Amino acid sequence: MQCFNHTSIIVVVDDNKFSSSLVKDILEESGFKKVISFNSPFEALEYIKYNRQVKIVISDYVMFGMDGLKLLDKVKTIDKKCYGILISCDFVPANNKYIVLDKFNKLQCNLISAINIILTH
């Protein structure tokens with residue numbers, strides 16, 4: 001699925017480096033050019049404070065130091081026009097690779113669809 005707007009800045013926040021990299025890679029492969037990932041909600045907030053071009057923040061729910069809901073609430077106090085998407089993936093054991101890929105493929109389609117809807121409004 002291709003994206004509609006290639007120029008909007010999207011911030012991905014997840015304290016798990018693998019997860020944030022995976023989401024960032026998916027967005028970039030879908031055509032989004034400006035995707036920045038953070039492994040700390042505090043670093044992401046600092047970036048957003050000084051970069052008002054951020055249109056969407058995608059955050060994991062469970063993170064060390066600040067959960068995703070609190071992060072998105074703080075983002076809204078910085079920029080009311082910024083959209084937030086909260087995601088959480090429960091990974092299954094490595095011997096169930098098919099299930100993990102199946103779940104992530106569904107997440108990918110839903111995530112790209114949600115971003116495209118946001119960017120067209």
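Axes here are lines fitted to C-alpha atoms, for helices over the stretch in contact, and the angles between them run from 0 to 180 degrees between N-to-C directions. The legends below describe a predicted model.

**Figure 1. Packing of helices H2 and H3 in the predicted model.** Helix H2 comprises residues 41–50 and helix H3 comprises residues 68–78; their axes come within 10 Å and cross at roughly 15 degrees. That angle makes H2 roughly parallel to H3, because angles under 35 degrees count as roughly parallel. The crossing in which H2 passes H3 is right-handed.

**Figure 2. Overview of the secondary structure of the chain.** Four helices and four strands make up the secondary structure. Along the sequence, these elements follow the pattern β-α-β-α-β-α-β-α. The chain has 121 residues, of which 40% count as buried.

**Figure 3. The buried and exposed sides of helix H3.** The buried residues in H3 are Gly68, Leu71, Leu72, Val75 and Ile78. Viewed down the axis of H3, these residues fall within an arc of 110 degrees, so they line one face of the helix. In an α-helix there are 3.6 residues a turn, so residues three or four places apart point the same way. Asp73 and Thr77 are exposed, on the face of H3 turned away from its buried side.

**Figure 4. Lys74 of helix H3 and its spatial relation to Leu45.** Lys74 is found in helix H3. With a relative accessibility of 36%, Lys74 counts as partly exposed, because this class lies between the cut-offs of under 20% for buried and over 50% for exposed. Lys74 and Leu45 are 29 residues apart in sequence, and their C-alpha atoms are 7.7 Å apart in space.

**Figure 5. Helix H1, its length and its buried side.** Helix H1 spans residues 17–29. At 1.5 Å a residue, its 13 residues should span 18 Å, which agrees with the 18 Å between its end C-alpha atoms. Ser19, Ser20, Val23, Ile26 and Leu27 are the buried residues of H1. They cover an arc of only 130 degrees around the axis, which puts them on the same side of H1. Lys17, Phe18 and Glu29 are exposed on the other side of H1.

**Figure 6. The two ends of helix H1.** At the start of H1, a side-chain oxygen of Asn16 reaches to within 2.9 Å of the backbone nitrogen of Phe18. Phe18 is itself one of the exposed residues of H1. Just after H1, Gly31 adopts a positive phi of about 110 degrees.

Figure 7. Val23 and Val12 are eleven residues apart in sequence, whereas the distance between them in space is 7.3 Å, C-alpha to C-alpha.

**Figure 8. Ile87 of strand S4 and its spatial relation to Tyr61.** Strand S4 covers residues 83–87 and contains Ile87. Ile87 is buried, with a relative accessible area of 13%. Ile87 and Tyr61 are 26 residues apart in sequence and, C-alpha to C-alpha, 6.1 Å apart in space.

Note on methods: Residues numbered from 1 in each chain as written. Predicted model: local features only at pLDDT ≥ 70, side-chain atom pairs only at ≥ 80, totals over all residues. Heavy atoms only, no water. Expected span 1.5 Å × (residues − 1). Buried < 20%, exposed > 50% of the residue type's maximum accessible area, 1.4 Å probe, protein only. Arc of directions from axis to C-beta. Polar contact = N/O pair within 3.5 Å; in protein donor to acceptor, adjacent residues only side chain to side chain. Parallel < 35°, antiparallel > 145°, perpendicular 65-115°, else oblique. Left-handed = near helix turned anticlockwise from the far one by under 90°.
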